[in-house]
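Student: Could we go through this structure together, one question at a time? Please state the cut-offs as each term comes up.

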Amino acid sequence: MKFALQINTSPYQSNAGQTAYRFINAALGLGHKVFRVFFYHDGVYHAFKYATPPDDEPWFAVQWSQLAKLHQVDLVVCISAAQRRGLLCSDEAKRQGKQDDDLAEGFRISGLGQLVEATLEADRFIVFG
Amino acid sequence: MKSYLFVLRKPAHSGALVQEMLDIILTTAAFDQKVCILLLDDGVFQLKTGQNPECASMKDTVAIFKALEIYDVNDIYAEVESLQERGLKPGDLCLPVQEFYRKDIAGLMKRFDVVFAG
């Protein structure tokens with residue numbers, strides 16, 4: 001089965017993102033496909049490259065980057081939700097005359113059309129948080 | 001083409017939540033999909049008349065709801081019990097809604113390809 005997911009909460013606001021991460025690993029392990037993960041609302045906080053938690057806590061952005069690398073999962077962060085919250089990739093920062101480079105590896109920034117496309121392509125669409 | 005039911009359960013002005021949900025609703029409608037909205041629980045407050053969000057520097061989300069008609073989003077449903085429990089009548093809302101009893105909500109959801117929690 002082909003899944004699409006949306007994650008709406010930040011790593012420290014809720015466990016929903018971690019639940020989604022575990023769901024994706026379980027689904028892939030059973031031979032299902034994950035078409036896209038869309039980060040929206042405060043879910044964009046998963047994609048901050050420079051989040052630096054203590055060593056004995058999970059590093060969420062790194063987990064996602066590894067997942068993208070290992071399984072080629074498409075991780076998309078909503079551009080308007082990201083800009084509101086101060087998450088800018090280097091290209092977008094340049095366009096805005098800023099110097100940020102906040103996006104963790106394996107994520108890409110795009111628009112809401114990517115979310116609608118994911119709901120159209122997937123057999124099942126699940127919202128976390 | 002798929003049919004979408006957006007289930008809104010949070011009150012108006014819950015941070016940027018309502019505004020960002022409306023962005024998804026507008027984008028989905030712009031993709032020529034069938035879009036309907038269900039107001040559940042505190043979600044019924046999203047259409048309450050007499051909001052003055054500008055006084056608190058907040059976005060007038062009711063104005064966005066009113067613009068949905070342009071995108072052919074005409075079906076807004078509200079749960080009868082959610083309205084009653086909050087002392088509201090359909091006349092207290094600024095757009096016409098179709099009322100559904102709680103016992104019929106599951107049946108309503110089954111009619112859609114995608115039920116979108118918001």
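Tutor: Let us begin with accessibility: buried means under 20% relative accessible area, exposed means over 50%, and partly exposed lies in between, with a 1.4 Å probe and protein chains only. This is a predicted model, in which local features need pLDDT of at least 70 and side-chain atom pairs count only at pLDDT 80 or more, while totals for chains, interfaces and linings use all residues. Residues are numbered from 1 along each chain as its sequence is written, chains are lettered from A and ligands numbered from 1 in the order in which they are written, and side-chain values use heavy atoms, with hydrogens and water left out.

Student: Is A:F23 buried, partly exposed or exposed?

Tutor: The relative accessibility of A:F23 is 26%. Since buried requires under 20% and exposed over 50%, A:F23 counts as partly exposed.

Student: Which kind of aromatic pair do A:F23 and A:F128 form?

Tutor: Rings of Phe, Tyr and Trp (its six-membered ring) pair if their centres lie within 6.5 Å, and planes under 30 degrees apart count as stacked, over 60 as edge-to-face and the rest as tilted. The structure holds 12 such pairs over all chains. For A:F23 and A:F128 the centres are 5.8 Å apart with 50 degrees between the planes, so by the rule the pair is tilted.

Student: How many residues apart in sequence are the parts that A:F23 and A:F128 tie together?

Tutor: Helices (H or I, at least four residues) and strands (E, at least two) are DSSP runs, numbered from the N terminus. A:F23 lies in helix α1 (residues 16-29) of chain A and A:F128 in strand β5 (residues 124-128) of chain A, so the parts that they tie together are apart in sequence by 105 residues.

Student: What area do chain B and chain A bury between them?

Tutor: Buried area is the accessible area (1.4 Å probe) that two parts lose on being put together, summed over both. The contact, meaning heavy atoms within 4.5 Å, takes 16 residues from chain B and 15 residues from chain A. Of the area buried between the two chains, 61% is on carbon and sulfur atoms, and the total is about 1300 Å².
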